[in-house]
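Here is a short report on one protein chain. Look over the sequence and the fold, then read on.

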Amino acid sequence: MKTKLLPIVAACLTVNPAFAADPLENIFKDGSFKGQLQLFDFQRDFDSEATDRRDTSLGGLFYLRSGESNGISFGGSFASANPIWETNDGLYGLVGGGAPGMVTERQSVNRLQEYFVNGNWYDTNIRIGAQELRTPMMNPFPLRAIPFTYRGVSIENTSFDNLKLSALYITDYMGWTNEEFVSVADGVKGEMQRNGINVADIDFDDNPMIAVGANYTIPTDVVKAKTSLWYYSMEDVYSQYHLKFDISKQFGATEWYFKPSYLKQDSIGNLDATEANFDTYQAGFHLGTKWNGFDATVKYVKTGDGFVVAPFGDDKVIIQQVHQSARAEEEAYGAQLGYRFNEDSVLSGVSAYVNYANYQVDGNSATDIDETDFSVTYDLAQYVDGLSVRARHAIVSYAEGDDLTDTRFYVYYKFKL
């Protein structure tokens, strides 16, 4: 852990709350262990002569939590993704060995995913160390075998009814195949380079990501309503505001829901003074209904003059298997239809959906994209508790470009001790 965090660690460990002491043995007696074994096979095939990609990995995620004594507890987790066999295809990215598309020897990824100390006093939870996060613009980004993890400080307070206040101070992260932490500034720099921004004259200076957020459940019986507001900032680089509402209403056997969101992004400080400066927004919504096992949704999103910076996972309006709404001056339309079979059906445990979206950049029809996704999940808990399988297939067509298909198979076994 970086030196700058040590004073915070010391402060939390020396807190002397004004209540009776808990036995130290609670740390060991009330601990828990859970995990998930997983076998994945991901394959991407291009219509042209471009190198196809395929990885098969076996591994899992394993989480250990201690009990709590005087508000103090500890946690850690381990993540593993190991290649099953070598192929002549390019690397997909489930395991290590190089950049996606490279024809190279696959390498295992085994790492400490989390290690933290946790303090819980007066409705406030303080977590210091390596930890997974679940916020709109910094989250596990679970698109590969191992999710993202972060290092720093997170704080949550629930003193007020229906309101959760949060704050983050994050210095480092690990992506899908890293085995060591790198600065979040490097992650932002890489995202900009991938989108064609010249960062040679920009001094990122290993700046941390600082964020504050509020999640509020609106106390009304007329509808179910929740709202989330977050602000993220990296000094001298950029800032983001993310606002989202989740509103639903039951009419007999039918539930209607509406999920509008708005993201505002600005370059700030030193970056704003360079030619790489950018300001943009993304606004859109999901409108849908659930009835008798069906879930139907229509989606719309509009992005402003710049692309959305999102190197650490995100809550974009349209997220598909291959593409997400993120390009500058992009407008996208989507529709999704899902179905979950009833518990008394012979196909109990099966759920499926089809998800379509069209992406268009204003004034440039050559960059249009169509993507259609299919997904089937079978929860086999009625036969083996914790076991499930999933198959996904995406068909992506480009107005001018290399069409592709993307096929993914998953086997999960979750357990708890």
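## Lysine 316

In this report, two residues are in contact when heavy atoms lie within 4.5 Å of each other. The model is predicted. By that cut-off, K316 is in contact with Q282, V308, A310, Q324, S325 and A326, leaving aside its neighbours within four places in sequence.

Where does K316 sit? K316 is found in the loop between strand 14 (294-303) and strand 15 (330-340). Is K316 buried or exposed? The relative accessible area of K316 is 9%. Buried means under 20%, so K316 is buried. Its side chain has polar partners. Another, of 2.7 Å, links the K316 side chain to that of Q324. Q324 is also in the contact list of K316.

## Nonpolar cores

In soluble globular proteins, nonpolar side chains tend to be buried together. Here the largest nonpolar core has 34 residues. M138, V188, M192 and F312 have the most contacts inside it. Strand 7 (163-174), helix 3 (184-194), strand 9 (209-217) and strand 10 (224-234) each supply at least two residues of this core. Helix 3 gives the largest share, four residues.

Not counting residues up to four places away in sequence, F312 touches M137, M138, N139, F141, F148, Y150, Y173, V184, G187, V188 and M209. Another core, of 15 residues, lies apart from the largest one. Its members include V95, V109, A145 and I146.

## Helix 3

Which residues of helix 3 are buried? They are V184, A185, G187, V188, G190, E191 and M192. These buried residues pack against strand 7, strand 8 (182-183), strand 9, strand 10, strand 11 (238-251) and helix 4 (269-272). After helix 3 comes G196, with a positive phi near 80°.

## The whole chain

The chain has four helices and 19 strands. Its radius of gyration is 23 Å, close to the 22 Å that the globule rule gives for 417 residues, so the chain is as compact as a globular protein of that length. Along the principal axes, the C-alpha atoms fill a box of roughly 65 × 65 × 55 Å.

Of the 417 residues, 43% are buried. Among contacts between residues at least 6 apart in sequence, 58% join residues at least 24 apart. The chain exposes about 20,600 Å², and carbon and sulfur atoms supply 55% of that area.

Definitions and conventions:
Residues numbered from 1 in each chain as written. Predicted model: local features only at pLDDT ≥ 70, side-chain atom pairs only at ≥ 80, totals over all residues. Heavy atoms only, no water. Buried < 20%, exposed > 50% of the residue type's maximum accessible area, 1.4 Å probe, protein only. Polar contact = N/O pair within 3.5 Å; in protein donor to acceptor, adjacent residues only side chain to side chain. Core = buried A, V, L, I, M, F, W, Y, C linked by side-chain atoms within 4.5 Å. Rg over C-alpha atoms; globule rule 2.2 N^0.38 Å. Areas by Shrake-Rupley, 256 points an atom, 1.4 Å probe, with all protein chains shown as cover.
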